[in-house]
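The sequence and structure follow.

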Amino acid sequence: MSQQSPDAAVLDEEGGGSSASVINDFSIQVATVNGSGSQSANLVLMRSIFRMGIPVSGKNLFPSNIAGLPTWFTIRANKDGWTARRKEIDILVAMNPATAREDVLDLEPGRVVVYEDRLNLSELRSDVIFYPVPFAKLATEITTDSRLRKLLANMLYVGVVGELMGIETQEIDAAIRKQFKGKKKAVELNMQAIAIGIRYTREHIRKIDPFRCERMDKTAGKIIIDGNAACALGAMFAGVTVATWYPITPSSSLCESLEGYMKRYRHDQDGKATYAIVQAEDELAAVGMAIGAGWAGARSMTATSGPGISLMSEFVGLAYYAEIPLVIFDITRVGPSTGLPTRTQQSDILSLALLSHGDTRHVVIIPGTVEECFSLSLEAFNLAEELQTPVFVMSDLDLGMNNWMADPFQLPTRPLRRGKVLSAEDLAEAGEFGRYRDVDGDAIPYRTLPGTDHPLAAYFTRGSGHDADAKYSERADDYVNNMNRLKRKYDTARSMAPAPVVHDDPDARVGLVAFGTSDVAVGESRVQLEREYGVRTRYLRLRALPFTAELDAFIDRCDRVYVIEQNRDAQMSMLMKMELPVERIGKLRSVLHYSGLPIDARFITDELIAAERKENG
Amino acid sequence: MSTTTTPPRTNRLGLGIGEYKGGDSTLCAGCGHDAITSQLIRAFWEYGVEPQRVAKLSGIGCSSKTPAYFLRQSHGFNSVHGRMPAVGTGAMLANRDLVAVGISGDGDSASIGLGQFCHLLRRNVPMIYIIENNGVYGLTKGQFSATADYGSKSKGGALNDLPAIDVCALALEMGCNFVARSFAGDPKQLVALIKAAISHRGTVLLDVVSPCVTFNNHEGSTKSYPFAKQHEELLHEISYVPFFEQIEVDYEEGSVVDVEMHDGSRVRLRKTERDYDPTDKAAALAMLMRTNHDEELLTGLIYINEGQPDFLASLDLCETPLARLGSEAVVPGESALHEVMESLT
């Protein structure tokens with residue numbers, strides 16, 4: 001049995017251990033039980049690699065459950081900065097008896113398993129490298145408290161993996177101090193666990209795998225943040241004053257982060273709040289409050305995910321038709337229905353574009369990085385008020401809840417844009433006011449806020465038919481004129497929405513279009529395509545609906561365009577087909593990933609090459 | 001022929017009652033809702049509320065059309081069915097200086113909007129919430145609503161086989177601090193209650209039985225004019241003494257109860273044959289249960305608990321309405337961003 005010789009790694013000769021080292025390019029997966037307190041350990045491990053100067057990301061693959069079900073945390077370190085999910089795992093830390101067997105069998109040959117030695121995993125196969133560690137037993141050396149022992153067993157594997165990979169102890173210690181900031185006892189206990197893990201590894205494990213960390217300088221000055229916190233910061237620095245929400249995974253942490261930041265930074269000189277954050281009774285109320293607040297002149301927002309978007313549909317139609325600004329964050333998850341609440345997908349885009357009954361078109365902002373979660377969320381508030389319409393910010397679970405590296409955020413140099421709001425003085429000067437008149441020819445009307453002290457200020461807001469002066473009307477011409485103006489307003493939005501990011505290549509005939517979190521996987525795939533197959537690509541990343549002129553021009557430059565999406569039905573492609581000229585539509589192909597796991601570069605490369613082979617006969 | 005012109009009467013702001021009117025009603029002639037609209041106009045005029053400070057809110061239904069018929073100088077918002085409480089809550093979060101008047105109906109509040117109605121009350125959002133209660137869906141031609149009494153008869157002759165939701169009892173359960181019921185055919189009581197409502201801080205629930213002359217005014221209806229007139233049971237005679245008009249009238253010892261409102265106004269309750277204490281919530285619930293059982297239409301100030309903090313107080317909001325804060329007040333500086341970024345390295 002393996003326990004008889006715990007010192008020796010078990011390894012098949014041909015299976016693994018090529019003599020060449022693999023430096024700063026690996027994925028670690030920690031398999032634990034939900035609720036076991038492993039998150040701190042995982043973050044410490046990730047952050048200590050980050051502190052070694054190596055680009056890194058951390059993804060939590062978790063169940064919809066409080067405690068007891070399996071959960072996996074994946075850390076990807078990559079010297080070139082490719083930190084999208086990678087399918088292959090190089091180092092598995094198997095702490096969960098329930099999944100250990102399957103996790104080990106899923107590994108590619110030559111990979112590494114660090115595991116609780118009571119699990120007897122080394123019998124499963126002979127072509128991977130096993131490092132058994134008696135975690136439970138080692139934890140008894142630290143404390144007799146059984147609850148603490150469980151938590152500290154997690155930190156032990158950080159010590160073991162750190163030592164195996166050559167992560168500097170001082171960086172692990174620094175990461176621990178950050179993680180348990182201000183909690184002296186916790187810092188001490190965890191450092192002790194790290195030291196025991198390191199000592200055990202030095203004394204009992206002979207390293208024969210090739211994966212290693214070496215210090216580099218690619219993370220100096222960088223930050224690590226999740227997209228939801230970045231969106232929250234964008235909202236705070238946009239000056240949001242009313243945020244109303246209903247808890248739903250994976251968006252809850254957006255408003256919770258916002259509350260944390262606002263408590264710290266948003267008080268007047270008397271210590272009173274310059275904001276209101278309200279947990280509503282459901283998503284209907286959440287969006288209704290944000291609409292009421294937007295109508296009354298606040299910068300307002302709500303945050304939700306797919307099921308909440310479905311519920312908000314009627315209200316969003318009202319805000320579109322009555323022209324009320326607000327920002328709605330949709331942190332998408334896997335649908336339809338409850339779907340996979342803790343997995344990622346981009347399957348709401350078609351709903352968002354057209355949400356609500358009747359003819360409706362919405363502005364959707366699509367950040368692809370945590371930096372854009374900040375800057376484009378901030379911009380969304382400007383657009384909502386300038387355009388007087390609901391603006392969606394569509395992020396997803398992968399971007400929203402996982403940890404990403406970025407350059408520190410910068411405040412925009414442009415001041416806030418609050419749109420066309422008439423004050424009492426403006427009204428006195430103008431001498432007339434019609435709420436839905438197109439005075440400036442851009443189809444954006446002027447509005448007044450309740451409480452404006454002028455007899456001309458009041459108007460009646462309604463979701464029923466209205467004329468240019470907001471009077472109730474069922475007249476055909478009033479209805480058509482108003483709907484046509486709303487359509488023209490959407491065209492005005494084309495010149496204001498964030499333009500796509502285009503990576504052009506004059507020699508490439510194949511084009512890629514993607515959006516949101518697919519970005520980092522697409523970037524890596526483009527390198528694979530060129531390096532491994534000699535296929536050069538142009539790449540356009542959409543950052544908003546409505547589409548801007550760049551999209552049409554981009555497709556025109558390509559022979560074929562692969563629209564890469566994380567949904568089954570090629571939803572973005574459908575939206576493109578609704579608008580593009582027919583000669584462009586014929587060029588569109590799709591690469592679709594919708595398993596609930598974040599898209600990875602290898603998937604895109606394989607799919608695209610297979611498709612290209614068919615194209616080229 | 002001689003013409004005599006009497007100068008129009010004005011309120012304390014110098015405004016005539018015409019300044020408080022709205023557009024022409026498009027409801028059926030004789031609709032109870034129009035009577036309520038008239039008393040709203042009168043109450044707001046008599047109190048002297050600045051029309052520009054008022055936000056009128058409604059959902060969907062006959063009742064929800066009425067904000068177009070009063071206070072034309074106030075912003076109005078006719079929102080979606082049953083969801084006006086959320087819109088009103090948001091508006092009050094944005095601008096705490098507004099006086100919010102929500103007009104709803106029994107379908108809007110007791111069926112599709114029951115959840116939002118309950119949570120509005122529970123939060124104690126500052127708003128005068130009036131339910132124009134006729135027990136029937138008028139705009140869709142006469143279906144029973146959830147406040148229709150058990151055993152009452154529809155225009156088509158069907159008997160209602162479900163119990164009624166008593167919105168006043170529900171409001172008490174939800175923690176509402178001002179619960180009253182009135183009848184569209186009792187203008188004196190109604191106008192006093194609306195003025196008292198303006199003086200209250202927090203949610204006011206005013207349930208007004210408002211007969212639907214087209215679909216629910218027949219024999220067998222318990223929300224008809226004849227039924228209400230016959231069965232109305234006054235808890236007390238109500239009068240209202242505004243803070244700017246301290247008129248002293250001597251009453252017989254023990255015959256009146258004065259309730260001091262937070263703005264200094266007083267609601268004067270003159271006893272009828274019953275001895276009723278509107279500050280006793282348990283007694284209020286018991287009274288509603290008994291009178292519902294006896295098929296009496298109990299009207300008056302059912303419950304009042306002055307001086308409770310409203311929702312905005314619990315949020316510790318700044319004095320300036322959030323909607324009026326400039327960028328300098330709502331955008332933390334460069335140093336704040338720098339501090340956050342430092343914590344993430």
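## Helix α5 of chain B

In this predicted model, α5(B) is followed by Asn124(B), a residue with a positive phi, near 60°. The helix itself spans residues 114-123 of chain B, and its buried residues are Gln116(B), Phe117(B), Leu120(B), Leu121(B) and Arg123(B). An α-helix has 3.6 residues a turn, so residues three or four places apart point the same way.

## Strand β13 of chain B

Strand β13(B), residues 297-304, is mostly covered, with 8 of its 8 residues buried.

β13(B) pairs with β7(B), residues 178-183, in the antiparallel sense over 4 bridges. Here Phe178(B) has Ile304(B) of β13(B) as its bridge partner. β13(B) is also joined to β9(B), residues 232-234, by 3 bridges, and these two strands run parallel. In that pairing, Glu233(B) is bridged to Leu298(B) of β13(B).

## Contact between chains A and B

On chain A, 57 residues are in contact with 48 residues of chain B. Elements that give two or more residues to this side of chain A include β9 (223-226), α7 (227-237), α10 (306-322) and β17 (460-462) of chain A. The most comes from α9(A), with 9 residues. By class, the side of chain A that touches chain B holds 36 nonpolar, 13 polar and 8 charged residues.

Strand pairing also crosses between the chains: β17(A) is joined by 3 bridges to β2(B), residues 75-78, and the two run parallel. Within this pairing, the partner of Phe460(A) in β2(B) is Gly76(B).

How values were computed
Residues are numbered from 1 along each chain as its sequence is written. Chains are lettered from A and ligands numbered from 1 in the order in which they are written. This is a predicted model: local features need pLDDT of at least 70, side-chain atom pairs count only at pLDDT 80 or more; totals for chains, interfaces and linings use all residues. Two residues are in contact if their C-beta atoms, placed from the backbone, lie within 7 Å. Ala, Val, Leu, Ile, Met, Phe, Trp, Tyr, Cys and Pro count as nonpolar, Asp, Glu, Lys and Arg as charged, and the others, Gly among them, as polar. Two strands pair if DSSP finds at least two bridges between them. A residue is buried if 20 or more other C-beta atoms lie within 10 Å of its own, exposed if 12 or fewer, and partly exposed in between; C-beta atoms are placed from the backbone.
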